[in-house]
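Student: I would like to go through the labels attached to this model and check each one against its cut-off. Can we take them one at a time?

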Amino acid sequence: MFIVKILLFLIIFSLIVMVHELGHMLLAKKNHIGVNEFSIGMGPVLASFVKGETKYSIRLFPFEGEDGISEKSNSFQNASVFARISAVAAGPVFNFILAYILALFFIGGSGYDEPVVSGVIPGYGAEEIGIQPGDVIKKLGKKKIQ
């Protein structure tokens, strides 16, 4: 069971890192900044392929790493300030988007609880006016309960 939890953690953590790095890469490419490598993780390469000028790879450790400074004309250092800011900010922004989508998914899938009375304390006002366990609350004063 412990191994399953570790594997689940690594899968979820890798997804978060991948979305983060995808944000950096997409905005960098949109702003014509060269992307040498799109890598999930760091350390030894487990699998990779090259498409265009970018090497796509999966590495052993699911942590974020940075590569060195490039002297190419389309390098990060030679890009405009706006292009650099947007490429750097895109990682956290994509994580917020992922969190929002997952929140919608989990909240939407969990349904809602009806306002049902679970119990009444003897001697208090609810018992005196006839509220009983199992009653569904439809209005509170003049306000309808949704």
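Student: Why does phenylalanine 105 count as exposed?

Tutor: Relative accessible area over 50% is exposed, under 20% is buried, and anything in between is partly exposed (1.4 Å probe, protein chains only). Phenylalanine 105 has 58% relative accessibility, so it counts as exposed. Phenylalanine 106, at 55%, counts as exposed too. This is a predicted model, in which local features need pLDDT of at least 70 and side-chain atom pairs count only at pLDDT 80 or more, while totals for chains, interfaces and linings use all residues. Residues are numbered from 1 along each chain as its sequence is written, and side-chain values use heavy atoms, with hydrogens and water left out.

Student: How many aromatic pairs are there in the whole structure?

Tutor: The search finds 4. Rings of Phe, Tyr and Trp (its six-membered ring) pair if their centres lie within 6.5 Å; planes under 30 degrees apart are stacked, over 60 edge-to-face, and the rest tilted.

Student: What makes the pair of phenylalanine 49 and tyrosine 56 stacked?

Tutor: Their ring centres are 5.2 Å apart and their planes lie at 20°, so the pair is stacked. Phenylalanine 49 has 51% relative accessibility and therefore counts as exposed, whereas tyrosine 56, at 18%, counts as buried.

Student: Why is the pair of phenylalanine 105 and phenylalanine 106 called edge-to-face?

Tutor: The centres of these two rings are 5.2 Å apart, but the planes make 75°, so this pair is edge-to-face. Elsewhere, Phe38, Phe49 and Tyr56 form one aromatic cluster.

Student: What is the strand order of the open sheet?

Tutor: Its 3 strands are ordered S1-S3-S2, with mixed pairing. The edge strands are S1 (37–40) and S2 (42–51), since each pairs on one side only. From one strand to the next, the twist averages 25°. Strands here are DSSP runs of E with at least two residues, helices are runs of H or I with at least four, and both are numbered from the N terminus. Two strands pair if DSSP finds at least two bridges between them.

Student: In which sense do S1 and S3 pair, and over how many bridges?

Tutor: S1 and S3 (residues 54–61) pair in the parallel sense over 4 bridges. Glutamate 37 has lysine 55, in S3, as its bridge partner. Helix H1 (residues 2–30) packs on the sheet and touches S1 and S3, and its direction makes about 170° with that of S1. Contact means heavy atoms within 4.5 Å. Axes are lines fitted to C-alpha atoms, for helices over the stretch in contact, and angles run from 0 to 180 degrees between N-to-C directions.

Student: What covers the buried residues of H1?

Tutor: The cover includes S1, S3 and helix H2 (81–110). Among the buried residues of H1 are Val17, His20, His24 and Ala28.

Student: Why is the chain called more spread out than a compact globule?

Tutor: The chain has 3 helices and 5 strands. Its radius of gyration is 26 Å, well over the 15 Å that the globule rule gives for 146 residues, so the chain is more spread out than a compact globule. The radius is taken over C-alpha atoms, and the rule is 2.2 Å times the number of residues to the power 0.38. Along the principal axes, the C-alpha atoms fill a box of roughly 80 × 40 × 20 Å. Buried residues make up 20% of the 146 residues.
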